[in-house]
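Welcome, and thanks for taking a look at this one with me.

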Amino acid sequence: MAASSARRLQTKPVITCFKTFLIVFSFIFWFAGTVLLAVGVWGKVNLEHYLPSVAEKSTNVPYVLIGTGAAIIIFGFFGCFATCRGSTWMLKLYAMILSLLFLAQLVAGISGFVFRHEIKTIFRETFQDAVQKYNTTESTVDYIQQNLHCCGVQNYTSWYGTVYFKRNGIPTSCCKNVSDCKVEDLKNVTISQDKVFKKGCIQLFVNLMETNVGIIAGIAFGIGFFQLIGIMLACCLSRYITNNQYEMV
């Protein structure tokens with residue numbers, strides 16, 4: 001009996017140490033969930049902002065990150081509560097939840113990297129169609145050309161075969177300096193090439209989206225593997241409490 005009591009007394013500092021680490025982890029995990037939620041919202045808004053048609057056909061990675069981030073925020077508090085209570089079933093449930101969230105983020109991260117190779121095809125189709133159907137109310141094309149400093153699909157010559165060009169020339173959103181662009185100049189093939197951006201929008205957009213998706217996927221992977229620490233801590237603490245019949249008063 002004395003040996004058992006001594007052994008139990010020796011394990012209390014170990015359990016306290018695990019509990020401290022797990023509480024610290026839960027707070028960091030909560031903060032990471034906030035970051036993940038913000039990144040998911042940013043990724044979705046950023047994608048839709050440039051071209052809604054791309055977002056409609058795109059991956060659900062931003063939605064997964066938003067859902068996972070919200071779940072992390074909620075269960076981060078649950079982890080703190082379970083740790084303070086020293087409840088073995090709560091700690092096991094917390095470890096299980098962390099495992100499910102880890103799998104969700106892993107799938108989101110992999111999907112994000114896979115989607116990087118699909119962006120070019122999706123954007124080429126949707127943007128080319130938007131250019132062909134362009135009119136003065138087509139704000140998405142203008143927004144992309146103005147913000148990326150690009151013109152047309154491959155380059156400014158992509159506008160030459162459109163109905164809009166035959167009537168109005170190259171859109172003013174392609175102009176390097178709008179005040180220096182006259183309608184007559186934009187209709188003139190020779191003069192317009194010196195007035196507008198030379199680069200096409202496809203490659204610039206693809207570079208931008210690949211970078212953004214890469215950042216989102218990288219953060220998802222990073223936070224996901226960080227959760228493995230929490231899973232290990234929760235399982236170890238639960239085992240120590242069970243083996244030594246320790247209860248938090």
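**Notes on the cysteines**

1. Let's begin with Cys-181: at 12% relative accessibility, this residue counts as buried, because the cut-off for buried is under 20%. Please keep in mind as you read that the model is predicted.

2. The partner of Cys-181 is Cys-175, and the two sulfur atoms of this disulfide sit 2.2 Å apart. Cys-175 is buried too, with a relative accessibility of 4%. Looking along the bond, you will find -120 degrees about S-S, which makes the link of Cys-175 and Cys-181 left-handed.

3. How many disulfides does the structure hold? There are 3. As a reminder, a disulfide is a covalent bond between the sulfur atoms of two cysteines.

4. Next comes the disulfide from Cys-150 to Cys-201, with an S to S distance of 2.1 Å. Cys-150 belongs to the loop between helix 6 (139-148) and helix 7 (163-168), while Cys-201 is in helix 10 (residues 201-244), so the bond ties together parts that are 51 residues apart in sequence. The link of Cys-150 and Cys-201 is right-handed, with 95 degrees about the S-S bond. Cys-150 is buried, its relative accessible area being 0%, and Cys-201 is buried at 0% relative accessibility as well.

5. Now move one cysteine along, to the disulfide that joins Cys-151 to Cys-174, where S to S is 2.2 Å. This pair links distant parts of the chain: Cys-151 lies in the loop between helix 6 and helix 7, and Cys-174 in the loop between helix 7 and helix 8 (183-187), 23 residues apart. The torsion about the S-S bond of Cys-151 and Cys-174 is about 90 degrees, so this disulfide is right-handed.

6. If you number the bonded cysteines of the chain in sequence order, the pairing reads 1-6, 2-3, 4-5.

7. Finally, what about cysteines without a bond? Cys-80 is in no disulfide, and its nearest cysteine sulfur, that of Cys-84, is 6.4 Å away. Cys-80 counts as buried at 13% relative accessibility, whereas Cys-84, at 44%, counts as partly exposed.

Note on methods: Residues are numbered from 1 along each chain as its sequence is written. This is a predicted model: local features need pLDDT of at least 70, side-chain atom pairs count only at pLDDT 80 or more; totals for chains, interfaces and linings use all residues. Side-chain values use heavy atoms; hydrogens and water are left out. A disulfide is a pair of cysteine sulfur atoms within 2.5 Å. Helices (H or I, at least four residues) and strands (E, at least two) are DSSP runs, numbered from the N terminus. Buried means under 20% relative accessible area, exposed over 50%, partly exposed in between (1.4 Å probe, protein chains only).
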